[in-house]
Amino acid sequence: MAIANPDRIFAATGTVDTKQIELYEKRSLIRLLVFEDPISKKRYSCFMVMVAGESHNLQQSPLNDLHYKAYKEFTGVVDFYSMDGELVNGWSMEKGKVVGSRKPGVSRTSSPIRNQKLMNVLPPENCNTREDPRWRTLCNTVYPIEGMTGEPVTTCRQELYYVTVVISCPDEDGDGGYVPPHGGTDPNDPEPPQQDSLQAIAKDTCLNATQMQTLRNTFNSYLNGEGDLSWACLHKAIYGRVLTSGKKIGFCINTINGSGTYNALTSTITYGDELGLTRFLTLRHEFFHVYQDTYYTGGTSQYNSGTRTGYPNLEFEQALFNDILDGSDNASAMGSTASNSDLVEYRNWVKSITNNNTSYPTQFSDFGGQYYYFLNKFYAIANHYSGIGIVKSDLPPNALLNIFNTTNCKLNY
Ligand SMILES: [Zn+2]
């Protein structure tokens, strides 16, 4: 479907020099996204507005080549607007990585700026409030009077017609995606999360009611895939496995090495601090370990005792699952200290086993004979994991393959 932009609307961050309108038009891109919930089949949509930052090289990486969550080397901001023009959420990005989150600074209607009173809102700590302008080009054509010679003359001017107040905050845990507004009143909204999903798999826990509510919010956003429907589909499937296994999980906060850990002997996820309860990525990581524990016959504590033979397998399987979901450009299992050549080699492999991020591997043969090669590399170089335990040479990632080949979760937006 082609969408016309007759008013030549473009977006910018900060003050716009009207002499350079063409440049600003090139540096921004507006896309319409339509999502379908694979389970409820409900559809909803939003506008994705990308504004390239000054350091973004448009020649090397044209905005038209970028897609939802396939941000490559993008530097700038990505904002998501509802169909009636409300900013829903957004992200500041540097070289394709989220470095900040953006939220609406004030609730407003899509009335023109001249009718609008902008409120001052106090941003949270470490955050700041800014105003992002929207511009459009208005043209007027004057036709020659009948009987006279001459061509019609068109004159155009640029008009600032709207300002979005944005609170931007540092945030490195974001995924760059659209987070649909909830509330359940809008028939186009995806189904609101089940409030008691966490309770259904939890046993007596060390958390107080407030901490439990914090975790419940993170858990619901895990089940919703933070707005990414492929993730939501997979996370719900994983949750379903844990639920039907009957295993009950404890949740605690304690002094540990790292931000979270899952103990298969006690079926408990332990967080290093209270802030950990809010972290989507920590929950996604540890809950995959819970799923592994329910999937492998005899549980996974057998791989975590004595010589810990099989421990690297469990961690690499988790890391690979995470990387397949995040896409090859963000694949990070080789660790933050990996050499560039190791990183590129691994990312190329993730790209190949997902057919360029369009499908999920479902059979061991889909790994192109290189699964153990990269597992051994992970064991050799991935910081936090290298040298711990022993690689088990006959433990393929069947939990990962099983979740992909029993679901049909890859959705292309
Ligand atoms: Zn782990």
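Me: In S11, which residue is the bridge partner of Phe251?
Reply: In this predicted model, strand S9 covers residues 250-253, and strand S11 covers residues 268-271. Four bridges join S9 to S11, and the two strands run parallel. Within S11, Phe251 has as its bridge partner Ile269.

Me: What is the order of the strands in the open sheet of three strands?
Reply: The pairing in this open sheet is mixed. Strands S9 and S10 (260-263) are its edge strands, each pairing on one side only. Neighbouring strands are turned against each other by 20 degrees on average, direction ignored. The order is S9-S11-S10.

Me: At about what angle does helix H5 run to S10?
Reply: Helix H5 comprises residues 280-295 and lies across S10 and S11. Relative to S10, the helix runs at about 10 degrees.

Me: Is Ser267 buried, exposed or partly exposed?
Reply: Ser267 is located in the loop between S10 and S11. Its phi is positive, about 50 degrees, although the residue is not a glycine. Burial requires 20 or more C-beta neighbours within 10 Å, and exposure 12 or fewer. Because Ser267 has 18 such neighbours inside 10 Å, it counts as partly exposed.

Me: What distance separates the C-alpha atoms of Ser82 and Pro180?
Reply: Ser82 belongs to the loop between strand S4 (76-81) and strand S5 (87-94). Ser82 has 18 C-beta neighbours inside 10 Å and therefore counts as partly exposed. Along the chain, Ser82 and Pro180 are 98 residues apart, and their C-alpha atoms are separated by 8.5 Å.

Note on methods
Residues are numbered from 1 along each chain as its sequence is written. This is a predicted model: local features need pLDDT of at least 70, side-chain atom pairs count only at pLDDT 80 or more; totals for chains, interfaces and linings use all residues. Two strands pair if DSSP finds at least two bridges between them. Axes are lines fitted to C-alpha atoms, for helices over the stretch in contact, and angles run from 0 to 180 degrees between N-to-C directions. Two residues are in contact if their C-beta atoms, placed from the backbone, lie within 7 Å.
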